[in-house]
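Work through the exercises below with the structure in view, and try each task before reading its solution.

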Amino acid sequence: MDDHRWMGRAVELTHRCPRSETAFAVGAVIVDADGHEIASGWSRDADPYVHAEESALIRAAGDRRLRRATLYSTLEPCSKRSSRPHATCVSLIIAAGIPRVVIAWREPDIFVTCEGIALLTAAGAEVVELPEFAEAAQSANAHLRT
């Protein structure tokens, strides 16, 4: 896997996100085991409440390659959310059977306390953090810093 290439693509997607004072700008890309993009998404691309990972997973629904895919997300996938409490990104990733998740930074405790990495790991997924992309991923969220 070319983690840096795909995380770079996810970071690019953060700049497409409509700005929000109550949610992060996140980009996500799902890549198959052969290094081909299956789907991508970004925060609020389809509706005002959709998360990036959720959007990409909707586009990839039913694709058999998901069970061997890697999901790249610029932010730790959510384990709690107010808009769709039963459809967290972590639960959607686990349900899709994605075995590997790569993130740029961990979700800060601004809106909720996130346990995405712990829950994904407990479900058997490999989680890789690329801190060298954190600053670029955070740049689309500078207005949320306190």
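A crossing of two helices is called left-handed if the near helix is turned anticlockwise from the far one by less than a right angle, and right-handed if clockwise. The model used in these exercises is a predicted one.

**Exercise 1.** Describe how helix H2 and helix H3 pack against each other.

*Solution.* Begin with the geometry: H2, which covers residues 52-59, and H3, which covers residues 89-96, have axes 9 Å apart and pack at an angle of about 30°. Angles under 35 degrees count as roughly parallel, and therefore H2 is roughly parallel to H3. Next comes the handedness, and the crossing of H2 and H3 is left-handed. Then list the residues: H2 contributes Glu53, Glu54 and Leu57 to the contact, while H3 contributes Cys89, Leu92, Ile93 and Ala96.

**Exercise 2.** Find the side chains with which the side chain of Asp45 makes polar contacts.

*Solution.* First locate Asp45, which sits in the loop between strand E2 (37-42) and H2. Its side chain makes a polar contact with the side chain of Ser55 at 2.8 Å, and another polar contact, at 2.9 Å, with the side chain of Arg59. If neighbours within four places in sequence are left aside, Asp45 is in contact with Val50, Ser55 and Arg59.

**Exercise 3.** Characterise the aromatic pair formed by Phe24 and Trp105.

*Solution.* The ring centres of Phe24 and Trp105 are 5.8 Å apart and the planes stand at 90°, which is an edge-to-face arrangement. Phe24 lies in the loop between helix H1 and strand E1 and Trp105 in the loop between strand E4 and helix H4, so the pair ties together parts that are 81 residues apart in sequence.

Notes: Residues are numbered from 1 along each chain as its sequence is written. This is a predicted model: local features need pLDDT of at least 70, side-chain atom pairs count only at pLDDT 80 or more; totals for chains, interfaces and linings use all residues. Side-chain values use heavy atoms; hydrogens and water are left out. Axes are lines fitted to C-alpha atoms, for helices over the stretch in contact, and angles run from 0 to 180 degrees between N-to-C directions. Helices (H or I, at least four residues) and strands (E, at least two) are DSSP runs, numbered from the N terminus. Angles under 35 degrees count as roughly parallel, over 145 as roughly antiparallel, 65 to 115 as roughly perpendicular and the rest as oblique. Contact means heavy atoms within 4.5 Å. A polar contact is a pair of N or O atoms within 3.5 Å; within protein, one must be able to donate a hydrogen and the other to accept it, and residues adjacent in sequence count only if both atoms are side-chain atoms. Rings of Phe, Tyr and Trp (its six-membered ring) pair if their centres lie within 6.5 Å; planes under 30 degrees apart count as stacked, over 60 as edge-to-face and the rest as tilted.
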